[in-house]
Amino acid sequence: MANNVKLRQLDDYRWEIPREGKMRTRGLVFASQRMLAKIQEDQSLQQVANVATLPGIEGPSMAMPDIHWGYGFPIGGVAAFNLEEGVVSPGGVGYDINCGVRLLRTHLQKPEVDGRIEELVNTLFRNIPSGLGSRRKDLKLTIPTLREVMRYGAGWAVKNGYGHQGDLEHIEANGRIPGADPELVSDFAMDRGKDQLGTLGSGNHFVEVGYVEEVFDDDIAYQLGLHRGQVTVIVHTGSRGLGHQVCDDYIKVMLKAAAKYGIELPDRQLCCAPLSSPEGKRYLAAMAAAANFAFANRQMITHWVRESFEQVLQMGPKDLGLELIYDVAHNIAKIEEHLVNGKKKKLCVHRKGATRAFPPGHPETPAAYQKTGQPVLIPGDMGRYSFVLVGTEQALTETFGSTCHGAGREMSRHAALKVARGRSIVQELKAKGIIVRGAGRATVDEEIPEAYKDVEAVVEVAHGAGISKKVAKLKPLGVIKG
Amino acid sequence: MTAVPGGPRPIKYRQLSHTADLGLRIWGVTPEELFENAGEALTAVLTDRRRLRLKETEEIAVEAPDLEALLVAWLNRLLYLYDVDAFLGREFQILELQPQFLKARARGETYDPERHLAGTAIKAATYHHLEIKNRNGRWEATVILDL
């Protein structure tokens, strides 16, 4: 599709969309020259410009190098708004509230699991409900319990025997966004959530067993407890139907609110309300509740990952050493303190397909990572590799402490299915030493490696621009897909 | 526009490519038919509709501020039924359609992974590029789904 958004190159990694028309600020896009041609094919740059028109925006409307066309906000979009005139937009968070990634390390080296991957993958697949409309038959929550989950997040899961206290110190916001109010979550949303806690869902969600293939920064890797050849596990999922419903419910609220507060919208999906309004406050409290559900979800899945490893390898938790390195949210809006023109200011930072990347020494960087910076987890496609990075001071000053979140699709699902037709993707990956189990053939085919940008190119831009720092590269061995 | 007896049936919907997500273009002779076809188009993303039997009936009522928003609300209600009861509609009948309200009946059955094809999961129908228009006497809608 034609794209006539003006663009000015600032350096090797930065491009500016100059402020014009109704834009209140400029756009800032992180990308390499090579990636840009692809980005310009769709409307994502227009979306960056659209976000720049919203009231109370501070700093530029930004896009991380994995930018692609979303709905309303681009995927890979970062935008911060002041609490006085600024807005909060459910479309700036996305339907999968607190979709995120967590990384676990082990005491195992790759040779110890060689030949056992198939069994591990099958066991994970059995223990973690995956796929279209996946639900748990063994765990149906009552409404009061569900409200507890939404109030306490990962802490609820730990309290109920899923994991241990130490896990919480290794989760963004300790696995609980403050200010959650489950009373503001509709019955519809709770209906959808009550038997989906502890399920992976579908689409690009996965659990992946892999190993550290390469270390870029020995010192930081050591402090993160990572070393070459070590077996790792990544969990990628979010708030399931509960989060989707909260988003949909509040988009309806915001469509009315935007009209009520006279906010002009270039796209209905950008609907929003002032952060100071009752509508804005209610959304933030409901979003926090859904985000906490997602934190609990990943925590419970982690518990079943640990159990699956124990079952297959016949080893105890001490010997396995399946410890949480970190858990990041990449679809969220958070109230954070940032320096704006040299002054500390509270802002609502929207990260839609973007990851927080706080530097060493930041009060919100967990104690264990005060010297390294907050770990940032960037999953790639299932055939290539994923990356571990850390946050930097540059990110804090330039992008409100944000960086990329993944590879980003390059091919539509249709195109992917076309390319996959007549091939066995599972066999092809097996030949490359990667065992994949998907709930449905379509999900595996739609997620073929070629459908994604090379995550390495995305990470190179984030690293080169200084908004995060490469630590290690992980290679997949076995994947369960939703 | 009426279909010629024995002639090709007019196309009900088409899937549109969108990098991360999926678009639906839906047609109907009347707004009611447009909404019915939208229901079919949604099910067709989730599974092979032809394998669904007409075993269960769901009565549905949805409200929204305008006709376009009503289309999104209708599709999201169908996704809700799927999430909560694993219900997938094969045939849809719009019983009443106002610009801000609709009443419908969906017939289909509970999703069974043993018998039904697992298609593509949908998070939601969105308002992005949402459009309903009348083109030469035929209704046409565009909806982007978040996958």
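The model is a predicted one. Chain A and chain B bury about 3,300 Å² between them.

- In soluble globular proteins, nonpolar side chains tend to be buried together.
- Beyond its neighbours within four places in sequence, B:Leu145 is in contact with a set of chain B residues including B:Leu22, B:Leu24, B:Leu42, B:Val45 and B:Ile122.
- The contacts of B:Leu145 also include B:Asp21 and B:Thr126.

**Extent of the interface**

- Contact between the chains involves 37 residues of chain A and 35 residues of chain B.
- Of the area buried between the two chains, 55% lies on carbon and sulfur atoms.

**Polar and charged pairs**

- Three salt bridges are counted between chain A and chain B.
- A salt bridge joins the side chains of A:Arg268 and B:Asp66, at 2.9 Å from N to O.
- Across the interface, 18 residue pairs are in polar contact.

**The chain A side**

- β4 (57–71), α8 (187–193), α10 (240–260), α14 (413–420) and α16 (441–446) of chain A each supply at least two residues of the side that touches chain B.
- Helix α10 of chain A provides the largest share of that side, seven residues.
- By residue class, the side of chain A that touches chain B has nine nonpolar, 15 polar and 13 charged residues.

How values were computed:
Residues numbered from 1 in each chain as written. Chains lettered and ligands numbered in written order. Predicted model: local features only at pLDDT ≥ 70, side-chain atom pairs only at ≥ 80, totals over all residues. Heavy atoms only, no water. Contact = heavy atoms within 4.5 Å. Buried area = accessible area lost by both parts, 1.4 Å probe. Salt bridge = Lys/Arg side-chain N within 4 Å of Asp/Glu carboxyl O. Polar contact = N/O pair within 3.5 Å; in protein donor to acceptor, adjacent residues only side chain to side chain. Helix = DSSP H or I, 4+ residues; strand = E, 2+ residues; numbered from the N terminus. Nonpolar A, V, L, I, M, F, W, Y, C, P; charged D, E, K, R; others polar.
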